[in-house]
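Please look over the sequence and the model shown here before reading on. The report that follows takes up domains, a surface patch and an interface in turn.

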Amino acid sequence: MNPAMSFLDSIFVNLKLWTLNLIGHFLPGWAVILASIVISGVVILCLGPVIMMYLTLLERKVVGRMQNRYGPNRVGPWGLLQPIADGIKMFTKEDIVPTNADKVIHLLAPIVIVVPALMVFLVVPFGRDMTAADLSIGVLYFIAVSSVTTLPIFMGSWASRNKYSMIGGMRTAAQMISYEVPMTLAVVPVIMMSQSLSTASIVNAQEGLRWFVFTPWGLAGFVIFFICTVAECNRPPFDLPEAESELVAGFHTEYSGMKFALFYMAEYMNAFTLSAIAVTLFLGGWQGPFLPSWVWFFTKTFALIFAMIWFRATFPRFRVDQLMGIAWKLLLPLTLVNMLVAGLWYFIPGITGWVGAAVILAVSFLGLTALNKPVIPEKRVYLLEN
Amino acid sequence: MTRPQIAKEKNPVFGTGILQGMWVTMKNFIDSYFKKADQGGIFTIQYPEELCRISENSRNFPFLVYDAAPDSPRCTACGICERECPTKCIHVEMAKDTAGKPLRKPAVFEIDYGLCMNCGMCEDVCPFDSIFMDRVYEIAGRDRTKDMLIGKDALLKPNAYFQKIRPKDAADIDARRKAAEAKKAAAARPATPPDAGGTAS
Amino acid sequence: MDILNFGIKVGIYALMAGTLVLAVGVVTLRNLFHSALCLAATLIGTAALYLVFHAEFLAAVQILLYVGAVVTVIIFAIMLTEHIAERSVAQRNRQSLPALLGILVLIAVTGRILLKTPWAVNPATVGARVTVADLGAALMGTYVFPFELVSVILIAALIGAVIVAKKEKSS
């Protein structure tokens, strides 16, 4: 790696170190430690909302293009200031609380929902040595924190005292609990192979181009994990909790102004962090040739987010029973098979392991889909008796 | 009894239909950058900068035509349009000279665009080919009573404008008017002094 | 360093106090949904305490299982019984007084036992950090039998759930 590259590669790390050194000249040691935490925290706290703002723009533009429209392009060049205009609009909107609502919980729900979304940012390795907190339980932490997201959705839906919100909340619960299971199980082979729960060392285990997605179990795991992440952040085609055409807006029907914006912020930040985790686990994180590590990371993450938007522009919404069926009858058995396949692949070296793993996965996929084939009821003919 | 056949022969493997759908949207996405509107690209017309191409027969609010100068419009203030207008949005007053003798032109001609429903009856009934439907649509105003009430000065537009916006209709009408004038001139000829038409005989 | 340590200490005590207050809320609040939320908050507070004591794995599992799963199921049940959530439920009945006596006795006995037990401290384990790798090795090595036994029980529960949920064929 040439010096210019390595300079660019570690530019953010060096910036932070330089700032800390500067502070170290004037302040005692404990303040420097505090400053280190504060800097990382502030960067993450700013990164989350900014990413959210521009994801809304990206989504509207890409979906627009896919539907043969331009999308927002009026505010600023290419509509780049649109998110700021939206933000101002949200702040100045009236905040409406339903009369019968549980006021405290109604207020708390949008605040609480942002917390887990922001907390996941802690373990995301944005680049070489760019993990805010390299926890030894990184992946587990991510799964645990993102499982909390159900609670604020419940709070919002229950406190609104609205049928649509309630139905949305119930659907969320069912959906999130169901999809957490295959999502967690899809991560297991990765942990088995990298022999660590820390996100940084999982990325390190994919050194060079040995990304996990290039193995049979990795590909299957990635596809399953990605489907589950789309379901976890309630994005189409899994957007039953906020199905516009059925439930007005689901659990955030009764929210307006900035509270509504907070729900949206959480949703988009979840979309980003879940894509980032998918990149970390399967697509080699920041690993990649030629470009600085963080460029690679953001490229891959935004590619996944683009795929999510692409899904939104393409697919109609699932029916509730189809949603549950896909999680429990297709994805869950596939993840179990995948764990087994990962073990086989590890212990049978060479081409045999590869082919064997691929064949087992393909056969089990085809078998499961054949078993899950919907029963088409026989056509009934009624003869009129005359 | 036969089972209803769902088109599944096309998609032998679960998931191919999904990929086909995704290809459709992806193609749209790519086409939106590289193709023209009529080839599958974006066909949005960005209004204030670009305007819709208006077809020749499109029409909305009425205006008045004058030939030579705005002082002598075709309109004779006969008031037929005023009477025929279904929404009663036209108001005409005939001009009078100082002696109180009516002149055959309007003193006041007002159309309330806020009431007008663009039916075009005034154009149909006008015997003097004076009132026609315009195609100006950027007429939004802040006050319903002031900005939507269009007076005579704003309504009067030259015949050249009419020829520009509706060339076919204008040509027909001009030809008819010319023919009528020629006929009138021919009818008036015997009354003229002989030396005026002497060259012909 | 002293100020930082002091701050951390204050933070930990505040965390403990908050957790306790929320735990009291779980049993005293009259609205079932509120107490369920308090329960969730209490469990999260406990997880934070585990983090303070460097038991990261336990903390993550606590949040994942208790907050992510158990409390969700509890709230799901509460939301299905809307009437209970609407009204405030009576907190005491005729058996409250005997129950209080029983609890007092229980507290006295447990407290006495806790105080009387000599808590032997193995000096080798003081300050030792149990990593996830250690836990995994212990589960798959020393404690493999109970681990597998538990998994068999869970499988049995799963199959049982499937059978219970299965539609009975109409004859």
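An automatic or database domain assignment divides chain B into domain 1 (16-53) and domain 2 (62-179), and the C-alpha centres of these two domains of chain B lie 43 Å apart. The model is a predicted one, in which local features need pLDDT of at least 70 and side-chain atom pairs count only at pLDDT 80 or more, while totals for chains, interfaces and linings use all residues. Residues are numbered from 1 along each chain as its sequence is written, chains are lettered from A and ligands numbered from 1 in the order in which they are written, and side-chain values use heavy atoms, with hydrogens and water left out.

On chain C, a nonpolar surface patch of about 800 Å² includes Leu139(C), Tyr143(C), Phe145(C) and Ile153(C). Such a patch joins nonpolar side chains (Val, Leu, Ile, Met, Phe, Trp, Tyr) within 5 Å, taken from residues with over 30% relative accessible area and no salt bridge; accessible areas come from the Shrake-Rupley method with a 1.4 Å probe, and for residues only the protein chains shown count as cover. A salt bridge here is a side-chain nitrogen of Lys or Arg within 4 Å of a carboxyl oxygen of Asp or Glu. Helices H6 (132-140) and H7 (144-165) of chain C each supply at least two residues of the patch, and H7(C) gives the most, with 5 residues; helices are DSSP runs (H or I, at least four residues), numbered from the N terminus. Phe145(C) lies in H7 of chain C and counts as exposed (over 50% relative accessible area), because its relative accessibility is 60%.

| Interface item | Value |
|---|---|
| Contact residues, chain C | 26 residues |
| Contact residues, chain A | 26 residues |
| Buried area, chain C and chain A | about 2,400 Å² |
| Share of buried area from carbon and sulfur atoms | 83% |
| Salt bridges, chain C and chain A | 0 salt bridges |

Methods: Patches are made of residues with over 30% relative accessible area and no salt bridge: like charges are joined within 9 Å, nonpolar side chains (Val, Leu, Ile, Met, Phe, Trp, Tyr) within 5 Å. Buried means under 20% relative accessible area, exposed over 50%, partly exposed in between (1.4 Å probe, protein chains only). Contact means heavy atoms within 4.5 Å. Buried area is the accessible area (1.4 Å probe) that two parts lose on being put together, summed over both.
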